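Biologist: Kindly show me how a model of this kind is read, one feature at a time.

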Amino acid sequence: MTIDVPGLSARIGDLLTAYAIPSAAIGVLRDGELTEFAVGVTNVVTGEPATTDTVYQCGSMTKTWTALAFLQLVDEGAVDLDTPVRTYLPGFAVADPEVSATVTPRHLLQHTNGIEEAYGDPGEDDDVYERMVDAVADAPQVFPLGHTHGYSAALGYAVLARILEVHDGKRWDDVMRDRVFGPLGLTSTGSRREQVDESRAATGHLTVSLTEDPIVTPVDYLPRAFGPGGNVTSTVREVLAMAYVILTEGLAPNGKRILSAERVREMKESRVPVPDPYMFGPEWALGLIVCDWHGQTVYASDGSTIGQNSRLRILPEANTAIVLLTNGGPRESFYRTVFTEILTDLGLPGVPDLPAPDPALTLDPTRYAGVYERPGARFEVTAEDGKLHLTLGIDPMQAEFLGKPDRVTYELLAVSETHFLVPPTDELEDTQTVAIYDFAGGTGSAQYLHTNCRVHPRVE
């Protein structure tokens, strides 16, 4: 079956208006055939039309790119995924001596290292990842090494990048160019803001309300500290070139081998469970999220910057990959609707719905009530009249900029003993999910709250 590009473009144009998102670029790779199109504008001020050559910020999708480069070192026998990081970075240390001596690249790739992102301000110079590694000597553990999954936005992949830098004798940006972007034949993909052709770049936007035009983001790019975990920019065509490597077990579209088939299989099959399985996927592999779509294994790589978003889904059983890049949002319901439209055109099942709450569940609210906190994020779970509520504290500056309160309270609707739906409180939100789990002694209070892939420990 083929994609109805004119019809789909019209439908997505309507969705962009409904969600107040300025533009979307979509690419589909099916049996080696590429379909791509774009709808909307790159900037609401200039009105410049988005095209398939528009360059978007990929955010944390960058981690998949970095994982490809790091796994090349494994192919070469230069590193082992289960050998301590300290073998490759002899001075590596965090606050916990045992973690310092035993944390491995696999822990970093899978986000099970548990190290707090306490790296300070490493600056914007070429030694940024070296400085980040040096700065975490006193970084505490959010959770014990390997105990659970807890997303590391910047630090984990910065450590991997530093190992690449030391081995190759060049900066991470040059490593990516020489190991990944160049061999894949990519000309529009880069890792530094200076590499972006501004005449082709999408501008990020924030949505204040669905009745107002989106506003241009006040922050153009993430800091360089996020580079290996969040700073790649690309087009839909070139993101799908990366997806092609995974679909073909290691080959680039130009025929060059990027990774061995064995390494791509390990990339997909070495997994850890994700406590909140519903929003993104139930497992995390090596630089990839693993989803279960109606019994079909699907691999995902997502990302968000301040005003731009990326969503990639790779369906090996259907020999298909789909990418969506936007300069507004994020809204998970938007991505789900767009992908389901495309999948329907292809004769494939759509994105699974979130689960429904289970009204028959009888929970003891006192086991969940408490404060769960990390630097910059605080969640308060309270019980009232037998119901659970979640109060989220929002950064006051962000709240003021968007004209929102700095504390928002949500009702929690139980799906299971450990999983809850978080219904929206305004039109700009979608239903979220949260896991509250790991009960002390098997029957005591929950120790962790996991949402949006991040883990937050209970605090007294």
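**Cysteines, sheet and helices**

Biologist: Which cysteine sulfur is closest to that of Cys 453, and at what distance?

Modeller: A disulfide is a pair of cysteine sulfur atoms within 2.5 Å. The closest cysteine sulfur to that of Cys 453 belongs to Cys 291, at 10.0 Å, which is too far for a bond. The structure holds zero disulfides. This is a predicted model, in which local features need pLDDT of at least 70 and side-chain atom pairs pLDDT 80 or more, whereas totals for chains, interfaces and linings use all residues. Residues are numbered from 1 along each chain as its sequence is written, and side-chain values use heavy atoms, leaving out hydrogens and water.

Biologist: Is Cys 291 buried or exposed?

Modeller: Buried means under 20% relative accessible area, exposed over 50%, and partly exposed in between, with a 1.4 Å probe and protein chains only. Cys 291 has a relative accessible area of 5% and is buried; Cys 453, at 7%, is also buried.

Biologist: In what order do the eight strands of the open sheet lie?

Modeller: Strands (E, at least two residues) and helices (H or I, at least four) are DSSP runs numbered from the N terminus, and two strands pair if DSSP finds at least two bridges between them. Here the order is S2-S1-S12-S11-S10-S9-S8-S7, with antiparallel pairing. S2 (33–40) and S7 (272–273) are the edge strands; each has a single partner strand, so one side of each lacks a neighbour in the sheet.

Biologist: How many residues of strand S9 are buried?

Modeller: In S9 (residues 289–293), four of the five residues are buried, so the strand is largely enclosed by the rest of the structure. Five bridges join S9 to the antiparallel strand S10 (residues 296–304), and one of the bridge pairs is Asp 292 with Thr 297. The hairpin of S9 and S10 has two residues between the strands, and His 294 in the turn shows a positive phi of about 55°.

Biologist: At what angle do the axes of helices H1 and H11 cross?

Modeller: Two packed helices are described by the angle and the distance between their axes. Axes are lines fitted to C-alpha atoms, for helices over the stretch in contact, with angles from 0 to 180 degrees between N-to-C directions. The axes of H1 (residues 5–19) and H11 (residues 332–345) cross at roughly 170° and come within 11 Å. Angles under 35 degrees count as roughly parallel, over 145 as roughly antiparallel, 65 to 115 as roughly perpendicular and the rest as oblique. H1 and H11 are therefore roughly antiparallel to each other.
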